[in-house]
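Please read the following note alongside the sequence and the structure. It is set out as numbered points, each on one topic.

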Amino acid sequence: MEEPSVTTLPRGLAAFDLKGRVAVITGASSGIGRSFASAIVDAGGKAVVVARREDRLKDLVLQLGPDKVAPVTCDVGDHQALPAMALAANKAFGAPDIVVNVAGNTVRKQAEDLSPDEFLEVIKVQLMAPLHVAQQFVPAMKEKGWGRVVNIGSITTSHALPGTTAYAACKSGIAGLTRAMAKDWGPFGITVNALCPGFFATELTAPVVADEKRWKANAERTFVGRNGVTEDMHGALVMLCSEAGRYISGQMLYVDAGFTAN
Ligand SMILES: NC(=O)c1ccc[n+]([C@@H]2O[C@H](COP(=O)([O-])OP(=O)(O)OC[C@H]3O[C@@H](n4cnc5c(N)ncnc54)[C@H](OP(=O)(O)O)[C@@H]3O)[C@@H](O)[C@H]2O)c1
C-alpha cells in the first residue's frame, strides 16, 4: 500500500484553528457538551448542538450567536430519530467535519439491583448513540477525506467506581468502540479518540457533588488537589478536533489531573 502524502501542518496556533470546520455536539444542553460548544466556537468553528431540551439549546444559541451555533432537538438513544437529526444538522452549516458524542445518562444502582431495562436505557445513549450518530456523518467525511470523532469515556473506562455497573460497562465499551471506529475510518482521513474526564460538577454528577466527603476525596486523589471545571477539557478537545491532532487516533485521553494515575 502506498503511504498517503502528508500536507504541511499549519505552524503554531494555526494548527489548532477550527475556522471553516463544523462540529455536531450531542448532549449540548448542559454540562460538558454545552461547554464544548463554546470551545469549538472560541477556536473559530461552528457548532450544531443536539439534545432533547429545546429551551436549553435555544438559550445556548442566544449566548453564542445563531451564525455560529444551530440547535437540533433529538433523543440520540432513539435510533429512528437520527436521520432527521442529521438532515437538520447538514442544513444548518453544511456537512459537519467533526462529531463530538457527549450525550450521557446513568442509572446509579448496586450491581445486583440493575434491571435489563435500566441497563438498556444507558447502553442506548452511552454506547450505541456514539456509533450511530457518527455513522450519519461519516460518509460525507470520507468524501472530504477529513473527519474527527471524539467520544467521551470516563474514569470508569479503566477503574471501578461504586454503583456504576451500566455506566462502567458502557464507558469501558467506549474504549473498544473508539479503537474499532478509528481502525475502520482511519484510511479515510478520519481520526477517532475518546476524552476521559475526571470529576466535573454537572447535572449528571449532582449526587456525587452532594456527597461532600466523597467529592473532597475525589479532589484529593488528583495530583492538583481539585475536581475539574469544564474549561479544563477545552484544550484537549480542540487539539483532537483540529489539524494539530491529525496523528492521534484510537486513544483514550484522560483529562483527570492524574486521578487514574494515582
Ligand atoms: N461530569 C463528569 O464528571 C463526567 C465524568 C466522566 C464522563 N462524563 C460524561 O460526560 C458526558 C456529559 O455529561 P455531563 O457530566 O456534562 O452531564 P449533564 O450535564 O447531565 O449532560 C448530559 C447531556 O446529555 C444529554 N442527553 C442525555 N440523554 C440524552 C438523549 N437520550 N438524547 C440526547 N441527549 C441526551 C442531556 O441533554 P437533554 O436532557 O436535554 O437531552 C445533556 O445535555 C456524559 O457522557 C458523561 O457520562 C461526565
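The points below take up the sheet, the helices packed on it, the contacts between helices, and the surroundings of the ligand.

1. The structure is a predicted model, and this should be kept in mind throughout.

2. The sheet is open and consists of seven strands, arranged in the order E3-E2-E1-E4-E5-E6-E7. The pairing of these strands is parallel. Strand E3 (69-73) and strand E7 (252-255) are found at the edges; each has a single partner strand, so one side of each lacks a neighbour in the sheet. From one strand to the next, the twist averages 20°.

3. Strand E1 (residues 22-26) pairs with strand E4 (residues 98-101) in the parallel sense, over three bridges. Within this pairing, Val24 has Val99 of E4 as its bridge partner.

4. Which strands does helix H4 lie across? Helix H4 (residues 116-144) lies across E1, E4, strand E5 (147-152) and strand E6 (190-197).

5. The next two points concern pairs of helices. Two packed helices are described by the angle between their axes and by the distance between the axes. For H4 and helix H5 (residues 165-185), the axes come within 9 Å and cross at roughly 20°. Angles under 35 degrees count as roughly parallel, and H4 and H5 are therefore roughly parallel to each other. Their crossing is right-handed. Residues of H4 in the contact include Phe119, Val122, Ile123 and Leu127, while those of H5 include Tyr167, Ile174, Leu177 and Trp185. By class, the contact of H4 with H5 comprises 15 nonpolar, two polar and two charged residues.

6. How does helix H3 lie relative to H4? The axes of helix H3 (residues 82-93) and H4 come within 10 Å, crossing at roughly 45°. That angle makes H3 oblique to H4. The crossing of H3 and H4 is right-handed. On the H3 side, Leu82, Pro83 and Ala86 meet His132, Val133, Gln136 and Phe137 of H4. The contact of H3 with H4 has five nonpolar residues, two polar and no charged.

7. The last point concerns the ligand. How many residues surround the ligand? There are 29, and the closest are Gly27, Gly31, Arg52, Arg53 and Gly104. Helix H1 (residues 31-42) supplies the largest share of this shell, namely three residues. By class, the shell around the ligand divides into twelve nonpolar, twelve polar and five charged residues.

Terms used: Residues are numbered from 1 along each chain as its sequence is written. This is a predicted model: local features need pLDDT of at least 70, side-chain atom pairs count only at pLDDT 80 or more; totals for chains, interfaces and linings use all residues. A residue is near a molecule or strand if its C-beta atom, placed from the backbone, lies within 6 Å of it. Helices (H or I, at least four residues) and strands (E, at least two) are DSSP runs, numbered from the N terminus. Ala, Val, Leu, Ile, Met, Phe, Trp, Tyr, Cys and Pro count as nonpolar, Asp, Glu, Lys and Arg as charged, and the others, Gly among them, as polar. Two strands pair if DSSP finds at least two bridges between them. Axes are lines fitted to C-alpha atoms, for helices over the stretch in contact, and angles run from 0 to 180 degrees between N-to-C directions. Two residues are in contact if their C-beta atoms, placed from the backbone, lie within 7 Å. Angles under 35 degrees count as roughly parallel, over 145 as roughly antiparallel, 65 to 115 as roughly perpendicular and the rest as oblique. A crossing is left-handed if the near helix is turned anticlockwise from the far one by less than a right angle, and right-handed if clockwise.
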